[in-house]
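Welcome! Here is a short briefing to read alongside the model, taken topic by topic.

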Amino acid sequence: MSDNGMLYFQPWLCGPSSAASTRPADQSDEVKMLGAVLISHTSTALQRRRERCVKMADYSVATRISLEELILRLYDIDAVKFGEFTLKSGTESPIYIDLRVIVSYPEILVRVAEYLWDAAKQGGGKFMSVCGVPYTALPLATCISTSQNLPMLVRRKEAKDYGTKKMVEGHYKAGDICLVVEDVVTSGSSVLETVESLKQEGIVVRDCVVLLDREQGGRSKLEMQGIKLHSVLTVNQILDVLETAGKVDSETVAKVKKFVADNRFDIMAMSHAAAAAAAAAAAAANTASAANGNKRKMEELAIANGSPIEKQAKLNKAEVMKYRDRAQLCSHPMSKALFQLMDEKKSNLAFSVDVTECAKALELIDKVGPHICLVKTHVDILSDYTPDFTKELQKLAEKHRFLVFEDRKFADIGNTVKHQFSGGLYKISSWADLVNAHSVSGDGIIKGLKEACNESNKGCILIAEMSSSGNLAKGEYTEATVRMAEENDDFVVGFICQRRLTDNPEFIHMTPGIQLKTGSGDGLGQQYLTPEQVIKENQSDVIIVGRGILQAEDPVAAAQQYQEAGYKAYKSLFT
Ligand code: 5BU
C-alpha cells in the first residue's frame, strides 16, 4: 500500500469498508459520507490530489506528527486561509478555518483525529460512544470510533420522513455517555444542536472535543449547559507557527490577533483587569443606544470576576425562557410535565399541605387544586396516615392536574435511602412524582434513590439552599450540589434554592419560605421572601407556600392571590 514512498496502510480504517460500500442506494448523506471516508484510501483520484500535500516520506502508522507540523499541513491544504470572510454569524473575519477539505487527505484526517482523542482523554471522561457534529466532524468521529473501537452515533440534520424518524442513528441506550466531536467551535450553537438531539434520546453528553476553539464565547456557552470543551488548537497558536515558518506576514498576524482579541468573549478566560475594564464599559454601554448584542457581551465580560454562582445568576438575567419553551427542551418527563402544567394552568404555585390529618389535607388540596401546579407533602406528619391517603391524593392530582412532591429530604447513604424511598410505611416511590434529597452524603444518594424507583419516571430535587436562618447550604456546598445535579441529570430535575443557580433550562428551581407579607419569620428560623422577590429578582421558577395559604381566613382566595402574584412576577420577566 505504499505510494511514492508514503505509507498509506491504515489498519483501523480497513475493517468496515466493505460493509459501508454495500449500503443501499437510498442511504443518507451522512452515511454516504462515512462510507466514503472508510474507502477513500483506495481512490486513484485521491492519490493524485495527495501530491499537492506536503511530502510525508517519514509518515508511518507509528509516527506521530507534532502540532506544528499538523498546523503547516492544514495550511498547505487550504484548511486555514487568510483574507476577508463572512462567518455564519455575519461577523467579518480575516481568517477562515475550513476543515471540510481534510476528507481528501486521509493522513491528515487521521492525525487530527488522534489529537482530538488525546485532548478528550486528558479530560478524564469515560465514553460509551462518539458522535460528530454534522457534517465536517463526521469523518473525524469515524476515525476516533474505528481507532479506539468506540461505537459511533450519527446525528441526522433532518428527521427521515419514512421509517423510524429517528434523529440519532446507531445502537444506544438511555444513560450512555457520548463524546461529541467538532472541527471548529465559535459560538457553540452547532454543538448544542447535536447535544440536544442526543439528549432527547436519553444520551448523556458531558464533553465535547474540538480541533479549534475560536474563543468567541462557545466554551462558556457549552459550560453553562454542563458540557466541558476540550480543544487542540487556538487561533494564536496557528498564527505563531505560520509566522515562524514564513507562511504569513507580520501585518496579517497582527490583524488576525487583533480580530481574535476584539472578539474574545469567553468569560471563563477573562483576566481580572479586562473584567474590570469591561464592567466600566458595561455601565457606559447600558444606554438606549447600545445594541442588545453588545450589551449582552458587555454583561458577560463585566461579571467575569464573581463566584461562579454570582456570575451565573447575573448572566441568567439575560436568558429567561418561557415555561412552554423549557417544556419542549426537557428530556426528563417530570420536568417536561411540570413546565407544561405551569404554562397551561398559568401557575407557578406549589401548595405545601402541612396539616396533620388526612381528611383535612385532601379537602384543602381539592379546593386549591385549580390554582396550583404542584402539591408538596410531608407524609410523615399525618397522624392518621393510611395508604388510602396517597390513593386519594393521586385521584386529585388527575382531577386538577398537578404533580406530587414528597418533601422527604433524604440524607443517608445510597443503600439506606433506597429502602426508605421504596419501602417502610409510606412506599413513597410508588406515589410521589418528585422527591428531594440533601447532597451532603455524596451522589450515592442519587443512585440509591434512582435504583429504588426502578427506572420509572420519578424525578429528584436536590436541596442546594435552604430558607431557614443560619443554614449551612451555601457557597461551595451549593456549587458542588449544582455540579452533582449536572452529573446526574437523568434523574435530578431541579433544586430547592433561594434563587436561580444554573442557566440550564431543564433544571427547575423551587423556593420555599414565601409569603405575600414578609418582615417577620415564624420564630423557629423560617425566613420569608415575596413571590416577586423570588420569581422576578431571584429568577426561581416555583414558589412553595404553606402557612401563607393554610393560615389564611380563606385558603382558596389566598391560593388564588399567590397564583396571581407568582404568575405576574413571571410575566414581568418578559416585559
Ligand atoms: P411555610 O409554611 O410556607 O413556611 O412552609 C414551607 C414548607 O417548605 C415547609 O413544608 C418546609 O418544610 C419546607 N421547606 C422550607 O420551608 N425551607 C426549606 O429550605 C426547605 C423546605 Br428544603
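The second largest cavity is lined by Val 353, Val 355, Ala 361, Thr 377, His 378, Val 379, Ile 381, Leu 382 and Phe 389. A cavity here is a set of points, on a 1 Å grid over the protein atoms alone, where a 1.4 Å probe fits but cannot get out, and lining residues have an atom within 4 Å of a point. This is a predicted model: local features need pLDDT of at least 70 and side-chain atom pairs count only at pLDDT 80 or more, while totals for chains, interfaces and linings use all residues. Residues are numbered from 1 along each chain as its sequence is written, and side-chain values use heavy atoms, with hydrogens and water left out.

**Cavities**

- The second largest cavity holds about 40 Å³ of space, a volume being the space filled by probe spheres set on grid points that are joined across faces, edges and corners.
- Its lining divides into seven nonpolar, two polar and no charged residues (Ala, Val, Leu, Ile, Met, Phe, Trp, Tyr, Cys and Pro count as nonpolar, Asp, Glu, Lys and Arg as charged, and the others, Gly among them, as polar).
- Three cavities of 30 Å³ or more are counted by this rule.
- The largest cavity has a volume of about 100 Å³, and Val 320, Met 321, Arg 326, Asp 541 and Leu 573 lie nearest its centre among 14 lining residues.
- That lining of the largest cavity has eight nonpolar, two polar and four charged residues.

**The ligand**

- Around the ligand there are 15 residues, of which Asp 354, Ser 467, Gln 526, Tyr 528 and Arg 547 come nearest (near means that a heavy atom of the residue lies within 4 Å).
- This shell has five nonpolar, five polar and five charged residues.
- The protein buries 90% of the 500 Å² that the ligand exposes when taken alone (areas by the Shrake-Rupley method with a 1.4 Å probe).

**A six-stranded sheet**

- Six strands make an open sheet of mixed pairing, in the order β7-β6-β5-β8-β9-β10 (strands are DSSP runs of E, at least two residues, numbered from the N terminus, and two strands pair if DSSP finds at least two bridges between them).
- β7 (168-169) and β10 (228-234) are at the edges with a single partner strand each, so one side of each has no neighbour in the sheet.
- β9 (residues 204-213) pairs with β10 in the parallel sense over six bridges, and Leu 212 stands opposite Leu 233 in β10.

Methods. Helices (H or I, at least four residues) and strands (E, at least two) are DSSP runs, numbered from the N terminus. On a 1 Å grid over the protein atoms alone, a cavity is a set of points where a 1.4 Å probe fits but cannot get out, and a pocket is an open set with protein on both sides within 12 Å along at least five of seven lines; lining residues have an atom within 4 Å of a point.
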